[in-house]
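Welcome! Please take a moment with the sequence and the 3D view below, and then let us walk through the model together.

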Amino acid sequence: MIFNKASRVCRVFEHHRKRFYSIIIKDELSGNYTLNDAYNHAKKKCQCKLSKKLPKDVTKKGVFACNELDLKEINVYGFDYDYTLAVYKPAMDFLLYDLGRNLLISKFKYPKGISELEYKPNWAIRGLHYDIEKGLLMKIDSFLQIQFGTVYKGLTPISEKEVLRLYKNKNIPLAYVDTHGKNHQYITSKMVQLADLFSVPEMSLLCNVAEYFERNQISYNPEILFNDVKTSVGMGHPLMHSLVIENTAEYLEKDPKLRIFFDRLREHKKKLFLITNSPYKFVNAGMSLVLGEDWEEFFDVIIVQARKPMFFTDESRPIRVYCKESNTMLWDKVTELKKGTIYFEGTVKQLMAMTKWKGEDLLYFGDHPYSDLADVTLEHGWRTGAIINELNHEIDTLNNEDFKKNCSWLAILTQLIEDQQDSQEPDARETLKKWEMERDSIRKQLKSVFNPQFGSVFRTHNNPTYFSRRLFRFADIYTSQMSNLLEHSITHTYYPRRGVMPHEYASLFV
Ligand SMILES: [Mg+2]
């Protein structure tokens with residue numbers, strides 16, 4: 001049977017929801033129990049089980065497979081730079097926010113009062129959608145449903161009732177959301193997704209300024225605000241680059257194992273390449289810190305300012321040689337790619353033609369599920385790995401003992417409600433209502449431990465988020481940092497989990 005990556009994810013989620021609990025409760029409810037008896041019994045059973053054995057911790061060094069990947073078949077390793085090889089400290093978010101906010105005032109003449117608005121760390125998570133018509137930031141799941149309790153205008157939450165009034169129902173039409181067209185233009189959609197980590201400070205600035213406008217009753221067009229914030233943060237990048245070059249260690253994490261990982265690749269004669277949208281001097285400062293001054297010697301091909309995702313989609317844009325001494329591009333025609341030379345722009349077609357690499361031999365790592373991974377896997381057959389730094393925080397949360405207990409009880413309580421929902425007696429209706437309120441309260445708790453406003457990057461209450469659906473579709477494997485691959489051999493095969501599909505039996509054996 002052939003499953004694609006997305007359907008496999010659905011099976012895994014369903015598997016987690018129903019595993020164990022269905023069998024336990026149904027067996028015990030076969031007598032003449034009242035609903036309260038059933039509840040007490042289930043609670044006792046849950047506590048008893050959890051006191052003996054909590055689910056095993058997930059390792060933060062885990063490499064998680066969406067699709068089977070055999071590293072023996074991989075001869076070429078490719079890397080993105082920002083947030084893939086270069087992992088930034090929180091200082092980077094503050095810097096991007098401050099530069100963007102200052103440019104809003106100096107270039108776009110926004111009110112001086114916004115200079116008082118500070119960056120709020122952990123306010124937003126990546127993968128959120130912004131409705132450019134209505135000026136709302138929200139989380140959407142893989143079925144394009146808005147998750148209630150995650151819709152904000154500025155910093156103010158919007159009630160479920162208000163969301164339903166604005167959108168008629170909680171489902172967002174596909175055309176409203178889907179922006180991943182061939183040309184990557186936001187033409188018809190009314191929502192934009194903020195899918196890379198650089199966009200987290202951008203969302204904080206957007207919401208802070210919108211809140212300022214709302215509170216001071218200043219009228220504004222949400223689309224113009226979005227564009228101005230995006231442009232300001234983008235315009236801050238050159239200054240950010242020079243500040244990071246001056247003081248790289250203040251902004252960049254150094255993972256001592258990264259060099260060991262690269263040494264191992266070189267030892268096994270793997271071909272290596274780097275494709276980044278960032279400029280050479282910025283990349284050079286960061287790579288010298290994270291990999292060492294001789295970092296260029298590891299790579300067979302280095303391409304800077306590549307303009308991804310266009311690098312992967314455009315038919316033609318000449319690849320050029322970058323001259324380090326003069327910090328300019330040369331005009332010579334490039335007919336071969338030489339080790340030790342830095343290249344600029346170009347397209348994936350030229351890269352593949354000149355290196356003669358085959359797509360299936362190649363594993364490319366990036367942090368952006370669309371601009372790094374989508375086209376290379378869909379169009380060019382490359383194998384893909386996603387570096388998702390948020391996994392560290394998500395796994396810490398999953399491993400928390402109270403979280404595990406709450407999760408288990410939620411699954412059992414949900415099963416109780418599902419089994420007993422057709423009881424018609426007035427007392428039973430009352431009890432069911434109480435159970436539903438308790439379930440709602442546990443779900444809110446489970447959500448807010450990830451992030452009080454938006455919850456987990458990966459899931460809503462029941463479903464994968466829109467972000468994770470894309471991630472699971474476009475990434476063969478994902479992990480929190482590059483050096484986690486050292487936990488396994490260079491010939492390791494990553495196997496996806498066999499979960500349970502909704503129509504399959506729930507069993508301990510699958
Ligand atoms: Mg990146």
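## A residue in a strand

Let us begin with Glu345, whose place is in strand β13. Helices here are DSSP runs of H or I with at least four residues, strands are runs of E with at least two, and both are numbered from the N terminus. What is the phi of Glu345 near? For Glu345, phi is near 55°, a positive value in a residue other than glycine.

Before we go on, two notes on reading the model. Residue numbers start from 1 along each chain, following the sequence as written. The model is predicted, and local features need pLDDT of at least 70, side-chain atom pairs count only at pLDDT 80 or more, while totals for chains, interfaces and linings use all residues.

## The sheet around β13

Now to the sheet. Ten strands make up an open sheet with mixed pairing, in the order β1-β16-β15-β14-β3-β9-β10-β13-β11-β12. Two strands are said to pair if DSSP finds at least two bridges between them. At the edges are β1 (63–65) and β12 (328–329), each of which pairs on one side only.

Strand β13 (residues 342–345) runs parallel to strand β10 (residues 301–304), and three bridges join them. Ile302 has Ile342 in β13 as its bridge partner. Strand β11 (residues 319–323) is antiparallel to β13, with four bridges between them. In that pairing, Arg320 is the bridge partner of Phe344 in β13.

Strands β11 and β12 are antiparallel and joined by two bridges.

Which residues does a cis peptide bond join? The bond lies between Lys308 and Pro309, with omega about 5°. You will find Pro309 in the loop between β10 and α13 (310–313).

## Helices α3 and α17

Next come the helix pairs. Helix α3 (residues 35–52) packs with helix α17 (residues 401–420) at an angle of about 155°, their axes being 10 Å apart. Axes are lines fitted to C-alpha atoms, for helices over the stretch in contact, and angles between N-to-C directions run from 0 to 180 degrees. The two helices, α3 and α17, are therefore roughly antiparallel to each other. Angles under 35 degrees count as roughly parallel, over 145 as roughly antiparallel, 65 to 115 as roughly perpendicular, and the rest as oblique.

Helices α3 and α17 make a right-handed crossing; this term applies if the near helix is turned clockwise from the far one by less than a right angle, and left-handed if anticlockwise. From α3, the contact includes Leu35, Ala38 and Tyr39, and from α17 it includes Trp409, Ile412 and Leu416. Residues are in contact if their C-beta atoms, placed from the backbone, lie within 7 Å. By class, the contact of α3 with α17 has nine nonpolar, two polar and one charged. Ala, Val, Leu, Ile, Met, Phe, Trp, Tyr, Cys and Pro count as nonpolar, Asp, Glu, Lys and Arg as charged, and the others, Gly among them, as polar.

## Two oblique pairs

Helix α4 (residues 90–106) and helix α9 (residues 237–246) pack at about 140°, with axes 10 Å apart, and α4 and α9 are therefore oblique to each other. The crossing of α4 past α9 is right-handed. Here Leu95, Leu96 and Leu99 of α4 meet Leu239, Met240 and Leu243 of α9. This contact of α4 with α9 has six nonpolar, no polar and no charged residues.

For helix α7 (residues 199–215) and helix α8 (residues 222–235), the axes come within 10 Å and cross at roughly 135°. That makes α7 oblique to α8. Their crossing, α7 with α8, is right-handed. Contact residues include Glu202 and Leu205 of α7, and Phe226 and Lys230 of α8. The contact of α7 with α8 has eight nonpolar, no polar and two charged residues.

## The domains

Finally, the protein is divided into domain 1 (5–65 + 391–494), domain 2 (90–245) and domain 3 (269–356). These bounds come from an automatic or database domain assignment. The centres of domain 2 and domain 3, taken over C-alpha atoms, are separated by 32 Å. Their contact takes five residues from domain 2 and six residues from domain 3. On the side of domain 2 that touches domain 3, two residues are nonpolar, two polar and one charged.

Definitions and conventions: Two residues are in contact if their C-beta atoms, placed from the backbone, lie within 7 Å.
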